[in-house]
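Please open the structure in the viewer and keep the sequence at hand.

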Amino acid sequence: MRPRSRLAVPALSLALGLAVASTSPTLLADMTLHFTDSDGATGSRLMIKGELVRMEEQAEDGSVIYSLYDSRKRTLTMVIDEEQSYSELTEAGLKAQAGEMRAVQQEFVQQMREQMAQMPPEMRQQMEQQLIQMGFDPAVMAGSEAPIRDSSSLTTRKTGETSTINGVRCDHMEVLLEGRVTNQICVAPPDRIGMSRADFATLKNLFEFMQSLSDIALSMGGPAAAEIGAEMLPVVDGIPVQVRNMADGSTVTLVSSSGERLSADLFRIPEGYQPVAPF
């Protein structure tokens, strides 16, 4: 398990950051999607009510962390129950943080280059390789400006194969980043899981928002960008029934969906919780 932090956007929302297209009839209904990880010890739930979304992740110890998304305000709220607090994340706020992070990384790299200039060639080369393995761009290590990365290099390739996973028939495709396969996904039209057009529109808004956050995070460069790039998924038409990460072999699978009515309280910040800065 990776360490969790207050600033971490739930893994499900980054790993399943897919924009989707509407195909099912308009119905006024809530929706719950339940996903499980490959080891079965952890899982995620994505709940939709009108223009609001609740994303939950269950850790191995049984604890649950969750975030709330308002598609009208385009605001993601991370709730920390143990601290009775919450943090709001917006695109403008993350852009400001990205600028600060780039400045810090540039200063760090400059300091490292000055130190390496005093090292013997063999030691300097070893240090450069270690920094590159950490995710720092080789161009930056050489003193050049690294290009700002985004999701434009993400593409998909249909394999022509289909599967039925937990009763849902889906189509397989590969996700490529700069020509290299990073993920394998199996996608189904939303009507196959009974999702309404209204809920689908809310989900599309969320995934587009998460795509935007991922692009901003990528622009920071450094180790975090390298990790995010390997997990990002491009825009596809459909619901991800299964996602397999080729780097570590992990999978996220849709195990069930439900149209049962959800309490409005699930989509509210609990009374008495205090706002804290996300950064």
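**First stop: the disulfide**

Select Cys170 and Cys186, which are joined by a disulfide (a pair of cysteine sulfur atoms within 2.5 Å) with an S to S distance of 2.1 Å. Cys170 belongs to strand β8 (residues 168-177) and Cys186 to strand β9 (residues 180-188), so the bond ties together parts that are 16 residues apart in sequence. Strands (E, at least two residues) and helices (H or I, at least four) are DSSP runs, numbered from the N terminus. The torsion about the S-S bond of Cys170 and Cys186 is about 95°, so this disulfide is right-handed. Both Cys170 and Cys186 are buried, that is, under 20% relative accessible area with a 1.4 Å probe, protein chains only. A search of the whole structure finds one disulfide.

This is a predicted model, in which local features need pLDDT of at least 70 and side-chain atom pairs count only at pLDDT 80 or more, while totals for chains, interfaces and linings use all residues. Residues are numbered from 1 along each chain as its sequence is written, and side-chain values use heavy atoms, leaving out hydrogens and water.

**Second stop: the sheet**

Next, display the strands: 12 of them form an open sheet with mixed pairing, in the order β7-β8-β9-β10-β11-β1-β2-β3-β4-β5-β6-β12. At the edges stand β7 (154-165) and β12 (274-275), each with a single partner strand, so one side of each has no neighbour in the sheet. Two strands pair if DSSP finds at least two bridges between them. Now select β9 and strand β10 (residues 239-245), which pair in the antiparallel sense over six bridges. Ala188 has Ile239 as its bridge partner in β10.

Notes
Buried means under 20% relative accessible area, exposed over 50%, partly exposed in between (1.4 Å probe, protein chains only).
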